[in-house]
Amino acid sequence: MDTSPPTLTGRFVRLEPLSQNHHDGLVDVAADGPLWNTRVTSVPTPDLMFDWIERNAAKTAAGEQITFAILYESTGQVVGTSSFLYFEPMHRRLEIGKTWIATSWQRTPINTEAKMLLLQHAFEQMQCLRVQFLTDVLNRPSCAALERLGATREGVIRYARVMPDGRNRDSACYSVVDPEWPIMKVNLQRLVDRPFSPDLPPS
């Protein structure tokens, strides 16, 4: 399993290995909501963003994960972040997580194409047999998005993590396995190819 960090480019998005060059853009992304007030996600506040990037970039450099900044390809604007996590080379599996996207870009092709590029790299370059996603069971938009992408809901992991507010989070587990990927890829490409204004996110 090759864990060297790639740059992934599609029609709408470019995923670059995270660095401090993305700091100001991610501060703007987190403030678009503001996301750090969302109960079902863990997003750093502006004063913690530098340290958050340092930690995740260090784990990427160490081969423990790969964290990306998600950029709008036509302008280079940072619109979110996502990561490959929990590599299991022996079993050829990993997790996609730590995903947060600016609120004003959440109903555009950004998340769909970013997920498609991540899954394509995982299955076609990293030779994964399984990719999983964990999301808060209370995060209905995230669950709906994963189901729309074609991931299979496998169940709920109870008390999977402690959230910043002290709540014990139950996580819904979704997965995609290698035999499903070719058909899923076609369906994701159809979603990405739907008409969309390339100039601005929806109002």
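1. C128 is buried, at a relative accessible area of 1%. Buried here means under 20% relative accessible area, exposed means over 50%, and partly exposed lies in between (1.4 Å probe, protein chains only). C173 is buried too, with a relative accessible area of 7%.

2. Basis of the values. This is a predicted model, in which local features need pLDDT of at least 70 and side-chain atom pairs count only at pLDDT 80 or more, while totals for chains, interfaces and linings use all residues. Residues are numbered from 1 along each chain as its sequence is written, and side-chain values use heavy atoms, with hydrogens and water left out.

3. Cysteines. A disulfide is a covalent bond between the sulfur atoms of two cysteines. The test applied is a pair of cysteine sulfur atoms within 2.5 Å. The count by this rule is zero disulfides. C128 is in none, and its nearest cysteine sulfur, that of C173, is 15 Å away. For C173, the closest cysteine sulfur belongs to C143, at 11 Å, which is too far for a bond.

4. Sheet layout. Eight strands make an open sheet with mixed pairing. Their order is β1-β2-β3-β4-β5-β6-β8-β7. Strands (E, at least two residues) and helices (H or I, at least four residues) are DSSP runs, numbered from the N terminus. Two strands pair if DSSP finds at least two bridges between them.

5. Strand β4. This strand spans residues 77-88 and is mostly covered. Nine of its 12 residues are buried. S83 lies in β4, and S83 counts as buried at 0% relative accessibility.

6. β3 with β4. Strand β3 (residues 66-72) pairs with β4 in the antiparallel sense, over seven bridges. L71 stands opposite V78 of β4. The two strands form a hairpin with four residues between them. In this hairpin G76 takes a positive phi near 80°.

7. β4 with β5. On this pairing, β4 and strand β5 (residues 93-101) run antiparallel and are joined by six bridges. F84 faces I96 in β5. G80 has I101 of β5 as its bridge partner. This hairpin also has four residues between the strands, and R92 in the turn has a positive phi of about 55°.

8. β7 with β8. These strands run antiparallel, joined by seven bridges. V156 stands opposite A172 in β8. Five residues lie between the strands of the hairpin, and G166 takes a positive phi near 90°.

9. Largest pocket. Its volume is about 1,400 Å³. The search uses a 1 Å grid over the protein atoms alone: a pocket is an open set of points with protein on both sides within 12 Å along at least five of seven lines, and lining residues have an atom within 4 Å of a point. Grid points are joined across faces, edges and corners, and the volume is the space filled by probe spheres set on the points. Of the 47 lining residues, those closest to the centre are T41, T99, W100, N139 and S142.

10. Pocket lining. Which element gives the largest share of the lining of the largest pocket? β5 does, with seven residues. Elements giving two or more residues include α2 (49-61), α3 (110-125), β6 (130-136) and α4 (140-149). β7 (152-162) and β8 (168-177) are also among them. The lining divides into 20 nonpolar, 15 polar and 12 charged residues. In this scheme Ala, Val, Leu, Ile, Met, Phe, Trp, Tyr, Cys and Pro are nonpolar, Asp, Glu, Lys and Arg are charged, and the others, Gly among them, are polar.

11. Aromatic pairs. The structure holds four. Rings of Phe, Tyr and Trp (its six-membered ring) pair if their centres lie within 6.5 Å; planes under 30 degrees apart count as stacked, over 60 as edge-to-face and the rest as tilted. F123 and W181 have ring centres 5.7 Å apart and planes at 20°, so this pair is stacked. F123 sits in helix α3 and W181 in helix α5 (residues 181-192), so the pair ties together parts 58 residues apart in sequence. F123 is buried, at a relative accessible area of 4%. W181 also counts as buried, at 4% relative accessibility.

How values were computed. 1 Å grid on protein atoms, 1.4 Å probe; cavity = no way out; pocket = protein on both sides within 12 Å on 5 of 7 lines; lining within 4 Å.
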